[in-house]
Amino acid sequence: MRQIVLDTETTGLNARSGDRIIEIGCVEMINRQLTGNNFHHYINPERDSEEGALAVHGLTTEFLSDKPKFAEIVDEFRDYIAGAEIIIHNAPFDIGFLDAELERLNMPAFKEHVGEVVDTLVQAKEMHPGKRNSLDSLCDRYGISNAHRTLHGALLDAELLAEVYLAMTRGQNTFSMDLGSHDDGDDASAEVVEIAEVIVLAANEQELADHEALLDSLDKQTKGATVWRATPVAEVPAN
């Protein structure tokens with residue numbers, strides 16, 4: 001199975017209002033193994049980034065000015081993703097921008113070029129309802145280091161998402177329980193503690209005599225044998 005983990009960075013949040021893609025990062029997996037055959041391009045969007053977006057990705061207009069336009073890398077991109085299963089976190093966002101870029105070039109929509117699209121945000125919400133499911137939160141939850149992620153970057157985020165996806169889909173490895181924090185909604189996992197050896201203490205002679213006396217008293221009160229005497233219990237050997 002060939003899977004591509006994909007992420008984009010953009011000039012803003014709304015493709016319909018003219019925001020553009022400025023970076024595409026893709027990581028290839030075959031049979032759930034990272035191959036190192038990645039796809040990465042910075043793209044000249046021919047417009048400035050919005051202030052909020054610039055604070056997230058840090059890719060300035062000056063830096064992007066000499067980068068190729070989307071039309072110049074689209075054939076390479078389509079060849080790379082052709083027929084693959086695509087894994088995206090919050091897929092409608094990235095696909096909306098990719099569709100807008102392809103439409104400008106009179107090309108078919110993104111899903112026409114690929115196989116199935118897997119949205120890890122949808123998966124995470126199903127697996128961890130009511131909890132934070134951003135990429136950073138998932139990295140924390142699955143013990144994936146993202147300390148080197150000071151700004152968003154398409155290739156870096158795709159690499160992190162690949163690790164998150166593999167962790168999310170490899171199945172249960174321990175019997176630990178996933179517990180929600182009562183403070184801020186972050187997750188904590190219960191420690192897996194070994195069960196101590198069970199020690200059985202047998203009754204001594206005095207305790208057995210007291211038990212028989214109690215059963216005699218119950219027999220007298222109920223005018224019949226008690227259920228404990230009707231159902232013999234196997235003796236437990238003394239330690």
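Buried means under 20% relative accessible area, exposed means over 50%, and partly exposed covers what falls in between, with a 1.4 Å probe and protein chains only. The views below come from a predicted model, in which local features need pLDDT of at least 70, side-chain atom pairs count only at pLDDT 80 or more, and totals for chains, interfaces and linings use all residues. Residues are numbered from 1 along each chain as its sequence is written, and side-chain values use heavy atoms, with hydrogens and water left out.

**View 1. F93 and F97 share helix α4 (residues 91-104).** Helices here are DSSP runs (H or I, at least four residues), as are strands (E, at least two), numbered from the N terminus. F97 counts as buried, at 2% relative accessibility, while F93, at 27%, is partly exposed. The two residues sit four apart, about one turn of the helix. Their ring centres are 5.0 Å apart and the planes make 50°, so this pair is tilted. Rings of Phe, Tyr and Trp (its six-membered ring) pair if their centres lie within 6.5 Å; planes under 30 degrees apart are called stacked, over 60 edge-to-face, and the rest tilted.

**View 2. F39 meets F77 across the sequence.** Searching the whole structure turns up five aromatic pairs. In one of them, F39 and F77, the ring centres are 5.5 Å apart with planes at 50°, so the pair is tilted. F39 belongs to strand β4 (residues 39-42) and F77 to helix α3 (residues 70-81), so the pair ties together parts that are 38 residues apart in sequence.

**View 3. Charged side chains lie over the rings of Y80 and F63.** R2 is placed over the face of Y80, 5.2 Å from the ring centre. K67 lies over the face of F63, at 4.0 Å from the ring centre. A charge sits over a ring if NZ of Lys or CZ of Arg is within 6 Å of the ring centre and within 35 degrees of the ring normal.

**View 4. Residues of helix α5 meet residues of helix α7.** On the α5 side, T120, Q123, A124 and M127 take part, and on the α7 side L161, Y165, M168 and T169. Contact means heavy atoms within 4.5 Å.
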